[in-house]
Amino acid sequence: MILGIESSCDDSSLALMKTESLELVFYQKISQEKEHAKYGGVVPELAARLHTTALVEILKNIKPRLKEIKAIAVTNEPGLSVSLISGVTMAKSLSVALNLPLIAINHLIGHIYSLFLDKELVLPLGVLLVSGGHTMVLDIDDSGLVKLIAKSTDDSFGESFDKVAKMLSYGYPGGPIIEKLAKSGDSKRFDFTVPLKGSNRLEYSFSGLKNQVRIAIEKLDKDDYQSKLDIAASFQKTACNHIVDRLKKIFEIKQFKNFSIVGGASANLYLREEIEKLCHHNRTSLLLAPLEFCSDNAAMIARAGVDGYKKGRFISFEELQLHPTSDLNHFEI
Ligand code: KG4
Ligand code: ZN
């Protein structure tokens, strides 16, 4: 079995996966969302402190199975360095104590593996990655070589949901909150402009939209609940339109056989529906992860670790370092 360790942001998680059957033998995640909610976003110092206890709590639950582990896969990039350090230190300590090899996993590549938890990787593959820290479109060829096609030049898609929820005086994470509010709102009420509309630039930008929403909120009466619902619905529609509008341009120059949406914000059902329509129109098959495994989790890290193990991609104790940022262009999956 491969042990997967994830601590890149505000979720502490461990998983055990069998290398041959891909059976997820153990999976647990302790989320810190409630603790960060009162601050309207992740507080790094608090995240770091909570990881140190949560990871050890979960480790206790797999103690009887430690002898069955063949290798340890750990997220070492990208993420908050004060959070990554907890998982990486646990991985190194276990590797020394149990004499086990280490496998470094890029968190974003981990999200791609959430599509293949119980199956073999499908290539070639187009990927829309929408998380709290990243918004990007990737093209992965038959050999697993990753090419970056587009990314956000400012806020990420998920981050813009977090910021809008905060401006509306709701908690964190904002994505699920806005999606829920939007269900009872009128998406036509506020006519927000879709970013980069009419431009040929293959990139994303959410900060202008966030400012449009801020100006609309400033004009609202604080007790006007219906207007908050309408803002949520209008914002969600415009943010998703921006994603799809740029994807249409990308689909014009690249015919994807398989396309996918991964990352925490890929749980958004409105976004899923809009991209389903686009893929259907282009005769592209769409791959989606189970909703439970869209957000950060160690199951996807263990699954990526299984492939790393089979390819013999081990890293020495000294070489295993953490990196707050990462460049996926030219990465080999
Ligand atoms: O991948 P993830 O769990 O953590 C990072 O690696 O960043 O993504 C978290 C992000 C947060 O910004 C959260 O608000 C967003 O994903 N998110 C959503 C939804 N669920 C989570 N955004 C929009 N709609 C959702 N349903
Ligand atoms: Zn993530």
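A pocket, on a 1 Å grid over the protein atoms alone, is an open set of points with protein on both sides within 12 Å along at least five of seven lines, and its lining residues have an atom within 4 Å of a point. This is a predicted model: local features need pLDDT of at least 70, side-chain atom pairs count only at pLDDT 80 or more, and totals for chains, interfaces and linings use all residues. Residues are numbered from 1 along each chain as its sequence is written, chains are lettered from A and ligands numbered from 1 in the order in which they are written, and side-chain values use heavy atoms, with hydrogens and water left out.

**Stop 1: the largest pocket**

Select Ser 131, Gly 132, Asp 162, Tyr 172 and Pro 173. Of the 42 residues lining the largest pocket, these lie nearest its centre. The pocket holds about 1,100 Å³ of space. A volume here is the space filled by probe spheres set on the grid points, which are joined across faces, edges and corners.

Now colour by element. Helices (H or I, at least four residues) and strands (E, at least two) are DSSP runs, numbered from the N terminus. Strand 3 (24–31), helix 4, helix 5 (157–167) and helix 6 (174–183) each bring at least two residues to this lining. Which element gives the most? Helix 5 does, with 7 residues.

Ala, Val, Leu, Ile, Met, Phe, Trp, Tyr, Cys and Pro count as nonpolar, Asp, Glu, Lys and Arg as charged, and the others, Gly among them, as polar.

Stay on Pro 173. The peptide bond from Tyr 172 to Pro 173 is cis, with omega near -5°. Pro 173 sits in the loop between helix 5 and helix 6.

**Stop 2: the second largest pocket**

This pocket contains about 320 Å³ of space. It has 21 lining residues; pick Ile 103, Ala 104, Ile 105, Arg 313 and Phe 331, the closest to its centre. Strand 4 (71–77), strand 5 (102–106), helix 4 and helix 10 give two or more residues each. Strand 5 gives the most, with 4 residues. The lining divides into 10 nonpolar, 5 polar and 6 charged residues.

Next, show Pro 78, in the loop between strand 4 and helix 3 (81–98). Here is another cis peptide bond, from Glu 77 to Pro 78, with omega near -25°.

**Stop 3: the zinc ion**

Select ligand 2. This zinc ion is coordinated by His 107 (NE2), His 111 (NE2) and Asp 296 (OD), at 2.0 to 2.1 Å. Donors are N, O and S atoms within 2.8 Å of the metal (3.2 Å for Na, K and Ca); water is not among the atoms, so sites may look incomplete. Along the chain, the donors follow the spacing H-x3-H-x184-D. His 111 lies in helix 4 (residues 107–113) and Asp 296 in the loop between strand 10 (285–288) and helix 10 (298–310), so the pair ties together parts 185 residues apart in sequence.

Are His 111 and Asp 296 buried or exposed? Both are buried. Buried means under 20% relative accessible area, exposed over 50%, and partly exposed in between (1.4 Å probe, protein chains only).

**Stop 4**

Go to Glu 274 in helix 9 (residues 269–281). Glu 274 counts as buried because its relative accessibility is 17%. Its side chain makes a polar contact of 2.9 Å with that of Lys 277. Such a contact is a pair of N or O atoms within 3.5 Å; within protein, one must be able to donate a hydrogen and the other to accept it, and residues adjacent in sequence count only if both atoms are side-chain atoms.

Move on to Arg 283, in the loop between helix 9 and strand 10. Its phi is near 50°, a positive value in a residue other than glycine. Arg 283 is exposed, with a relative accessible area of 77%.

Compare Leu 22, in the loop between strand 2 (11–17) and strand 3. Its phi is also positive, near 60°. Leu 22 counts as buried, at 6% relative accessibility.

**Stop 5: the cysteines**

Show the sulfur atoms. With a disulfide taken as a pair of cysteine sulfur atoms within 2.5 Å, the count is 0. The closest cysteine sulfur to that of Cys 9 belongs to Cys 294, 16 Å away and too far for a bond. Cys 9 is partly exposed, at 22% relative accessibility.

Notes. 1 Å grid on protein atoms, 1.4 Å probe; cavity = no way out; pocket = protein on both sides within 12 Å on 5 of 7 lines; lining within 4 Å.
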